[in-house]
Amino acid sequence: MDVFQVEHAHTWLKLANERIQANKEQLTELDQAIGDGDHGINMARGFKEVISKLDANDYDTVADVMKDTAMTLMSKVGGASGPLYGTAFLKLSMAFKGKNVDYQTFIKGIDEAVNGLKQRGKAEIGEKTLVDVWAAVSETLQDNTTFAGDTILQTAKTAMEHTKETMATKGRAAYFKERSIGHLDPGAVSSYYLFEALSLTIDEGA
């Protein structure tokens, strides 16, 4: 893959939705341990609505796919996840607007998404949030020169698994302090499913 195109964006989100739906109960159980307990339900509802929106429209640009995804997640996903994921996809849309999404543009988009997540969530790397996964993927992308699905997958998996050893210092999980150690962060896990879907999209070419 040299250029990330509209069909790639659609496939990415379709595969992400499949993973979110299939693992809805796992995400809920993870969130019940150190959060509100609604992450799986919220994410499943939001991504189902995203696919309904994308399937009902024709798109000329990746930026417009990202924008509709952002707007749908912001309006349909409750709690902190809607604004956070909505911000990430909105930043992607802004970075991709008016451009062919080649590798350098894609890197810029992910980097802007990380900055948006940090700003929206007032979070930094290492605080046991989804930022840990997004930032790790962004760094890996910048260390490479072309789309590589397996590299993205392994990076996202390692970063997600690392949150289990980390004490939360941000969000509701921070109230659990040392007791948050030993639990995966649910936002990091849903982000892993998102990047697993991206990895498959890249490897399959569409």
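Tutor: Begin with helix length. The expected span of a helix is 1.5 Å times one less than its number of residues. Keep in mind that this model is predicted.

Student: What span should the 17 residues of H1 have, and how far apart are its end C-alpha atoms?

Tutor: The 17 residues of H1 should span 24 Å. The end C-alpha atoms of H1 are 25 Å apart, which agrees.

Student: Which residues of H1 are buried?

Tutor: Buried means under 20% relative accessible area. In H1 the buried residues include Val 6, Trp 12, Leu 13, Arg 19 and Ile 20.

Student: What covers the buried residues of H1?

Tutor: The cover includes strand S1 (3-4), helix H2 (24-34) and helix H3 (39-55). It also includes helix H4 (62-76), helix H5 (81-96) and H9.

Student: Next, the core. Which residues have the most contacts inside the largest nonpolar core?

Tutor: Met 66, Phe 89 and Trp 134 have the most contacts there, in a core of 63 residues. H9 gives the most to this core, with nine residues.

Student: What is Phe 89 in contact with, leaving aside its neighbours within four places in sequence?

Tutor: Contact means heavy atoms within 4.5 Å. By that test, Phe 89 is in contact with Trp 12, Leu 13, Met 66, Thr 69, Ala 70, Leu 73 and Leu 194, sequence neighbours within four places left aside.

Student: Is Phe 106 buried or exposed?

Tutor: Phe 106 is found in helix H6. It is buried, because its relative accessible area is 0%. Leaving aside neighbours within four places in sequence, Phe 106 is in contact with Phe 4, Phe 96, Val 101, Leu 141, Phe 147 and Leu 198.

Student: How far apart in space are Phe 106 and Gln 142, C-alpha to C-alpha?

Tutor: They are 10.0 Å apart in space, and 36 residues apart in sequence.

Student: Where is Thr 163 found?

Tutor: Thr 163 is in the loop between helix H8 (149-162) and helix H9 (186-204). Thr 163 has a relative accessible area of 1%, so it is buried. Beyond its neighbours within four places in sequence, Thr 163 is in contact with Lys 128, Asp 132, His 183, Leu 184, Asp 185 and Ala 188.

Student: Now for charges. How many salt bridges does the count come to?

Tutor: Side chains of opposite charge can pair when their charged atoms come close. Here the count comes to three salt bridges. In one of them, Glu 196 pairs with Arg 19, with the closest N and O atoms 3.1 Å apart. This pair links distant parts of the chain: Glu 196 lies in helix H9 and Arg 19 in helix H1 (residues 6-22), 177 residues apart. Arg 19 is buried, because its relative accessible area is 18%.

Student: Which side chain does Glu 112 meet in a salt bridge?

Tutor: Glu 112 meets Lys 108, at 3.2 Å from N to O. Glu 112 and Lys 108 are four residues apart in helix H6 (residues 103-121), so about one helical turn separates them. Glu 112 is partly exposed at 23% relative accessible area. Lys 108 counts as partly exposed at 44%.

Student: Which residue forms a salt bridge with Glu 124?

Tutor: Lys 118 does, with the closest N and O atoms 3.9 Å apart. Glu 124 counts as partly exposed, at 47% relative accessibility. Lys 118 is partly exposed too, with a relative accessible area of 21%.

Key: Residues are numbered from 1 along each chain as its sequence is written. This is a predicted model: local features need pLDDT of at least 70, side-chain atom pairs count only at pLDDT 80 or more; totals for chains, interfaces and linings use all residues. Side-chain values use heavy atoms; hydrogens and water are left out. Helices (H or I, at least four residues) and strands (E, at least two) are DSSP runs, numbered from the N terminus. Buried means under 20% relative accessible area, exposed over 50%, partly exposed in between (1.4 Å probe, protein chains only). A nonpolar core is a set of buried Ala, Val, Leu, Ile, Met, Phe, Trp, Tyr and Cys residues joined through side-chain atoms within 4.5 Å. A salt bridge is a side-chain nitrogen of Lys or Arg within 4 Å of a carboxyl oxygen of Asp or Glu.
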